[in-house]
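Subject: Structure for your review

Dear colleague,

Please find below the structure I am handing over to you.

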Amino acid sequence: MVEAFAVASGKGGTGKTTSTLALGMALADEYDVTVVDADTGMANLLFHTGLDDATVTLHDLLVGETATGVSEATYDRFGLSVVPCGTSLAGFSAAEPERLRAVVAELAADTDVLLLDSPAALGSKSAVLPVVLADRVVIVVEPTIPALSDGLKVQEYARSYGTETAGVLFNKVREGAADVTAQASRHFGGPVLASVPDSDVVRAARRAGEPLLAHAPESDPAARYRRAAGRLDVREGDSDAVADRFRSAVVPDTP
């Protein structure tokens with residue numbers, strides 16, 4: 001079985017990478033989980049997982065002349081299989097976004113849940129491809145009007161390509177945001193997975209280069225992410241069929 005989720009926001013700074021790893025670690029209690037940093041332009045998953053010195057990354061898999069195998073860019077961290085992306089401008093410039101299809105197809109053949117940490121905006125092919133390739137999208141938003149607007153744009157674009165909304169995760173929630181959260185939840189297609197409060201412990205985990213659930217497993221934000229993962233009804237999919245879909249996917253136009 002395998003299901004691919006894009007974790008997207010439409011806006012930077014919402015805590016999308018923190019959320020991707022937290023959901024991944026929680027789901028790993030029950031499933032084999034692979035996390036891919038699909039943000040080839042502004043990658044930071046490697047800094048959250050202690051992989052900032054990784055010698056082989058997704059960039060190496062997306063360059064046509066490189067003979068690197070997918071397994072060489074896959075690392076075992078915190079109970080997850082992690083494919084980080086490099087941060088160099090040269091790597092980003094050389095990468096061919098279309099090659100992500102084959103990479104994800106290969107990963108889909110050997111995992112239960114695939115989480116694609118997606119770029120924050122929809123302005124390029126490399127940005128929109130994860131949203132289009134995924135079975136469903138988890139939308140991470142802060143309870144502010146601009147962030148909600150951008151999140152709804154991601155949902156609209158995903159739906160235009162047949163990608164459903166798995167749920168919305170409100171992050172960095174501050175006191176007094178309950179009304180905004182309640183009103184906004186009606187506009188998203190999936191359930192509200194969780195409302196995660198703004199917290200110093202989340203920032204401390206990021207500074208330590210560890211996922212939240214490894215750094216502070218007993219914290220309130222960690223508990224809320226676990227509840228969010230429990231609300232994701234992971235669906236069984238045929239690995240070969242999913243892999244074939246990825247390989248044959250048409251690279252979309254940007255919105």
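Accessible areas here come from the Shrake-Rupley method with a 1.4 Å probe. On that basis, the accessible surface of the chain comes to about 10700 Å², and carbon and sulfur atoms account for 47% of it. Please note that this is a predicted model.

Overall fold. The chain contains 12 helices and eight strands. It has 255 residues, of which 54% count as buried. When contacts between residues at least 6 apart in sequence are considered, 80% of them join residues at least 24 apart.

Helix 7. This helix covers residues 145–160, a run of 16 residues. From its first C-alpha to its last it reaches 23 Å, which is close to the 22 Å expected at 1.5 Å a residue. Its buried residues include Ala147, Leu148, Gly151 and Val154, and Gln155, Tyr157 and Ala158 are buried as well. Just after helix 7, Gly162 adopts a positive phi of about 85 degrees.

Second largest pocket. Rolling a probe the size of a water molecule over the atoms shows where empty space is left. The second largest pocket holds about 150 Å³ of space. Its lining is formed by Thr34, Val70, Ser71, Thr74, Ser81, Glu106, Leu107, Asp110 and Thr111. By class, five of these lining residues are polar, two are nonpolar and two are charged.

With kind regards

Notes: Residues are numbered from 1 along each chain as its sequence is written. This is a predicted model: local features need pLDDT of at least 70, side-chain atom pairs count only at pLDDT 80 or more; totals for chains, interfaces and linings use all residues. Side-chain values use heavy atoms; hydrogens and water are left out. On a 1 Å grid over the protein atoms alone, a cavity is a set of points where a 1.4 Å probe fits but cannot get out, and a pocket is an open set with protein on both sides within 12 Å along at least five of seven lines; lining residues have an atom within 4 Å of a point. Grid points are joined across faces, edges and corners, and a volume is the space filled by probe spheres set on the points. Ala, Val, Leu, Ile, Met, Phe, Trp, Tyr, Cys and Pro count as nonpolar, Asp, Glu, Lys and Arg as charged, and the others, Gly among them, as polar. Helices (H or I, at least four residues) and strands (E, at least two) are DSSP runs, numbered from the N terminus. Buried means under 20% relative accessible area, exposed over 50%, partly exposed in between (1.4 Å probe, protein chains only). Contact means heavy atoms within 4.5 Å. The expected span of a helix is 1.5 Å times one less than its number of residues.
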